[in-house]
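Hi there,

Here is the structure I promised to pass on. Have a look at it first, and then read on for what turned up.

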Amino acid sequence: MNVNVIGVPTFYGCDKFGPQLGPDKLREKGMISTIEKYHNNVFDLGNVYVEQVSENDKFATNSDMKYLKPLLDINKNLAHIVNCSLSSNCFPFIVGGDHSIALGSISGVSKHFNKNFAIVWFDAHGDINTFETSDSKNVHGMPLAALMGYGYEDLKNLYYPETKIKEDYVYHIGGRDIDPGEKEFIDKTNMNMYYPNDLATKGLDTIIDTILDSVNSKNIDAIHISFDLDFIDSKYVPGTGTRVENGFTVDEAKYLLTKLVKSGLVKSMDLVELNPDLDIDDTTSDIAMDIIDTVFKNIK
């Protein structure tokens, strides 16, 4: 398999310094050589260009969303890189950066697969706010809503002017810090939510098998994984910006990812929200490396 590694060094979506250091930190930890253990053709495409914007100017282009223009530029460029990677028969592995980058990566996936793909979104948070429901005004809490066609026009229409994914093709796992506006949103949509209690009572195998059965029943061509490190319980991952307790162990995360990638349907992936500035003794960076090893060891 050909793998394209794409770094997206931005913190603009979360407005907390540190995630922009994630891609190069993982390179220093041996990310490329780790993937090369399992796949011969690994290409490090470097980092997407990120315009330097002063904190004083974060609301310069929109009073409801921080750093809107640079985030639109970053994600538009990322979408095209991902689309081109898939068109070249490569697996794009996108390394953040905060979770706002999923808007670009998944827009590129959507364009390539003509919307016939699924998202499996691992996250403690919903990431389905809009500028109208968000208290923080941080765009990393909005990408999933925008991809389903809700919220600000420029976010919804990034890269090409259409909704990027059907609601019932979205599978969200692990949400345990859901804002009130997001709860109302979830109730109105057909997206598939699997909360920690669902995984605890039904079991990891049942949840993943249910997702894969659903995907196969819809004749979906591909799965995109978007993995936020805060999916893992806060006690294990000090190096991420919005930690939440009552989450999952590293082994549980690896097990779920392994089951997914062994399906043969996973064609692209995000790994986001590593903040080396918050990390303790590289604990979270090492977990991220373990996840990378697990994914590429099992993917064909």
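In which loop is alanine 124 found? Alanine 124 sits in the loop that runs between strand 4 (117-122) and helix 5 (143-147). Please keep in mind that this is a predicted model.

Is alanine 124 buried or exposed? With a relative accessibility of 0%, alanine 124 counts as buried, because the cut-off for buried is under 20%. Setting aside residues up to four places away in sequence, alanine 124 touches Gly174, Gly175, Arg176, Asp177 and Ile178, together with Asp230, Phe231 and Val244. Glutamate 245 is 121 residues from alanine 124 in sequence, yet their C-alpha atoms are 8.9 Å apart in space.

Two other loop residues may interest you.

Threonine 189 is located in the loop between helix 7 (180-188) and strand 6 (192-194). Its relative accessibility is 10%, so threonine 189 counts as buried too. A polar atom of the threonine 189 side chain lies 3.4 Å from the backbone nitrogen of methionine 191. Not counting residues up to four places away in sequence, threonine 189 touches Tyr150 and Glu167.

Lysine 58 belongs to the loop between strand 2 and helix 3 (68-87). Lysine 58 counts as buried because its relative accessibility is 14%, and the cut-off is under 20%. If you leave aside the neighbours within four places in sequence, lysine 58 is in contact with Asp15, Met65, Lys66, Tyr67 and Leu68.

Now for a strand residue. Phenylalanine 43 is in strand 2 (residues 41-47). Phenylalanine 43 has a relative accessible area of 40% and is therefore partly exposed. Its contacts, leaving aside neighbours within four places in sequence, are Asn2, Val3, Asn4 and Val5. Serine 88 is 45 residues from phenylalanine 43 along the chain, and 12 Å separates their C-alpha atoms.

That leaves the helix packing. Two packed helices are described by the angle between their axes and the distance between the axes. Helix 10 takes part in both of the pairs below.

How do helix 9 and helix 10 pack, and at what angle? Helix 9 (residues 204-217) packs with helix 10 at an angle of about 30°, and their axes are 10 Å apart. Helix 9 and helix 10 are therefore roughly parallel to each other, since angles under 35 degrees count that way. Their crossing is right-handed. On the helix 9 side the contact is made by Leu204, Asp205, Ile208, Asp209 and Leu212, and on the helix 10 side by Glu252, Tyr255, Leu256, Lys259 and Leu260. By type, the residues of this contact are 6 nonpolar, no polar and 4 charged.

With helix 11 (residues 283-298), the axis of helix 10 (residues 250-261) comes within 9 Å, and the two axes cross at roughly 25°. Helix 10 and helix 11 are therefore roughly parallel to each other, and helix 10 passes helix 11 in a right-handed crossing. From helix 10, Val250, Lys254, Leu257, Thr258 and Val261 meet Ile287, Asp290, Ile291, Thr294, Val295 and Asn298 of helix 11. The residues of the contact of helix 10 with helix 11 divide into 6 nonpolar, 3 polar and 2 charged.

Terms used. Residues numbered from 1 in each chain as written. Predicted model: local features only at pLDDT ≥ 70, side-chain atom pairs only at ≥ 80, totals over all residues. Heavy atoms only, no water. Axes fitted to C-alpha atoms, helices over the stretch in contact; angles between N-to-C directions. Helix = DSSP H or I, 4+ residues; strand = E, 2+ residues; numbered from the N terminus. Parallel < 35°, antiparallel > 145°, perpendicular 65-115°, else oblique. Left-handed = near helix turned anticlockwise from the far one by under 90°. Contact = heavy atoms within 4.5 Å. Nonpolar A, V, L, I, M, F, W, Y, C, P; charged D, E, K, R; others polar. Buried < 20%, exposed > 50% of the residue type's maximum accessible area, 1.4 Å probe, protein only. Polar contact = N/O pair within 3.5 Å; in protein donor to acceptor, adjacent residues only side chain to side chain.
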